[in-house]
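Please keep the sequence and the structure in view while reading.

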Amino acid sequence: MIRVAVLSAIVCACAILSFGQAENALARVRALNLPILDGGVTVIYSPSAKARAQRYQAALEAAHKWYEAQLGVSVPVTLAVLDKPDWERATSVPYPMPNAKTGLVTVPSRMEDFPGFADMQADADILAETISFHEMGHIFADDYEGIRSRNSWVNELVPNIFAQEYICARQPGLKAFMPRPVPDALLPRYTSLADFDYLTGVQSVPFSNYAWFQFHLNRLAFFVAQKRGLPQVVEQLKLAFPAAQGGYLPSEEVLRRMETIAPGFTAELGLLSGPATITRVDESICSGATASEGAPTLLVVDNRTSREMTVSQDGKSPIRLAAGRWRRLNVRVGEKLKLSSGSCLVASGEPTLAVIEKP
Ligand SMILES: [Zn+2]
């Protein structure tokens, strides 16, 4: 049975690196001296994956051609299809997490190795191809169109819009993979876009939870794709989320901008619009010694006051946190952090959020 889990599983490390690092990433793959097939999208592949490499190349080339024609740009893209041994020689991204770096899309030769793959009841080839459309969307959006937000979920929504626009326009066969609602019983630990922003990119969000977010971001991307074609959406995304003005935006502002692109967007959010579900911690009176031997954990400090504050951690330089900004700190369970207001925050066993609202 073909299920929606295919799109729900569009995940990636989404490591968009600087140009120097990216050249490195491509150079590292090339240095493996693997077979290469030239084409609209060059593919570098492990010998064990020749048949899949040819198939994935053809699928990505078609999408690449369409993205370029729609946007009137020329964007070199290389695809790497790697087995585990070659993957581990080529990149530090954990196998088999698909990812995008400037000009380079990397997918595993066996999506079957993906955690939870058996539960997805998905076709490994279609899954890999669909994910590659998303990964290539990162390259077009980030490197060539200058669309970038400090709100992480926006950076994942955008490549999903690219993929959904292409699927809707040119791959009607893949419409069978369009999102459907997820039963409430399958709700993961984190369900708010605020959680996604605070925690994305760290190991604290379990794989299945990250996939759940991607499922919903695809659902939203599909909604956007029904409203406008790719060129119009991209023009508006460039205005709404220009990379050059990369400050973190309050969610109300992100949604106001998305409404101009796709009216009705906010009403589609559902659970995602809820407040952060990360465990909260309140300020407390500073007393006693700080624990320095606890297990590593995370503490997010969100400064909602109108003035800058500092956060002091034993043995480290104080961190200045401007009004309206937040920072994710690596701490230890039981560790005490002192705020410039004179109060303290104590880290707990799971990622914790402290929202500071009093001046
Ligand atoms: Zn991504």
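Two strands are taken to pair if DSSP finds at least two bridges between them, and the helices (H or I, at least four residues) and strands (E, at least two) are DSSP runs numbered from the N terminus. This is a predicted model, in which local features need pLDDT of at least 70 and side-chain atom pairs count only at pLDDT 80 or more, while totals for chains, interfaces and linings use all residues. Residues are numbered from 1 along each chain as its sequence is written, and side-chain values use heavy atoms, with hydrogens and water left out.

With those terms in place, an open sheet of 4 strands can be described, in the order S9-S8-S11-S12 and with antiparallel pairing. Strand S9 (319-321) and strand S12 (344-346) stand at the edges with a single partner strand each, so one side of each is left without a neighbour in the sheet. From one strand to the next the twist averages 25°, where axes are lines fitted to C-alpha atoms, for helices over the stretch in contact, and angles run from 0 to 180 degrees between N-to-C directions. Strand S11 (residues 336-339) pairs with S12 in the antiparallel sense over 3 bridges, and Lys338 stands opposite Cys344 in S12.

## The open sheet of five strands

Another open sheet has 5 strands in the order S1-S2-S3-S5-S4, and its pairing is mixed. The edge strands are S1 and S4, each of which pairs on one side only. S1 and strand S2 (residues 42-45) pair in the antiparallel sense over 2 bridges, with Ile36 opposite Ile44 in S2. Helix H6 packs on the sheet, touching S4 and strand S5 (104-108), and the direction of H6 makes about 155° with that of S5; contact here means heavy atoms within 4.5 Å.

## Helix H6 against helix H7

Two packed helices are described by the angle between their axes and the distance between the axes. Helix H6 (residues 124-144) and helix H7 (residues 152-170) pack at an angle of about 120°, with their axes 8 Å apart. That angle makes H6 oblique to H7, because angles under 35 degrees count as roughly parallel, over 145 as roughly antiparallel, 65 to 115 as roughly perpendicular and the rest as oblique. The crossing of H6 and H7 is right-handed; a crossing is left-handed if the near helix is turned anticlockwise from the far one by less than a right angle, and right-handed if clockwise.

On the H6 side, the residues that meet H7 include Phe133, His134 and Phe140, while those of H7 that meet H6 include Asn155, Phe162 and Tyr166. By class, the contact of H6 with H7 has 9 nonpolar, 6 polar and 1 charged residues, where Ala, Val, Leu, Ile, Met, Phe, Trp, Tyr, Cys and Pro count as nonpolar, Asp, Glu, Lys and Arg as charged, and the others, Gly among them, as polar.

## Helix H10 and its partners

Helix H3 (residues 50-71) and helix H10 (residues 230-240) pack at an angle of about 65°, with their axes 9 Å apart, which makes H3 roughly perpendicular to H10. Their crossing is right-handed. Trp66, Tyr67, Gln70 and Leu71 in H3 meet Leu230, Pro231 and Val234 in H10, and the residues of this contact divide into 6 nonpolar, 1 polar and no charged.

H7 also packs with H10, at an angle of about 170° and with the axes 10 Å apart, which makes H7 roughly antiparallel to H10. Here Val158, Ile161, Phe162 and Glu165 in H7 meet Leu230, Val233, Val234 and Leu237 in H10, giving 7 nonpolar, no polar and 1 charged residues.

## Backbone details and confidence

Most residues other than glycine have a negative phi, and most peptide bonds are trans. The peptide bond from Tyr95 to Pro96 is cis, with omega near 0°, and Pro96 lies in the loop between helix H4 (84-90) and strand S4 (99-101). Asn33, although not a glycine, has a positive phi of about 55°, and Asn33 is placed in the loop between helix H2 (19-30) and strand S1 (36-37).

The mean pLDDT (the predictor's confidence in each residue, from 0 to 100) of the chain is 87, and 88% of its residues reach 70 or more. Over residues 1-11 pLDDT stays under 50, and the model has 49 contacts beyond four places in sequence for them; over residues 13-20 pLDDT likewise stays under 50, with 22 such contacts. Where pLDDT is low, the predicted coordinates should not be read in detail.
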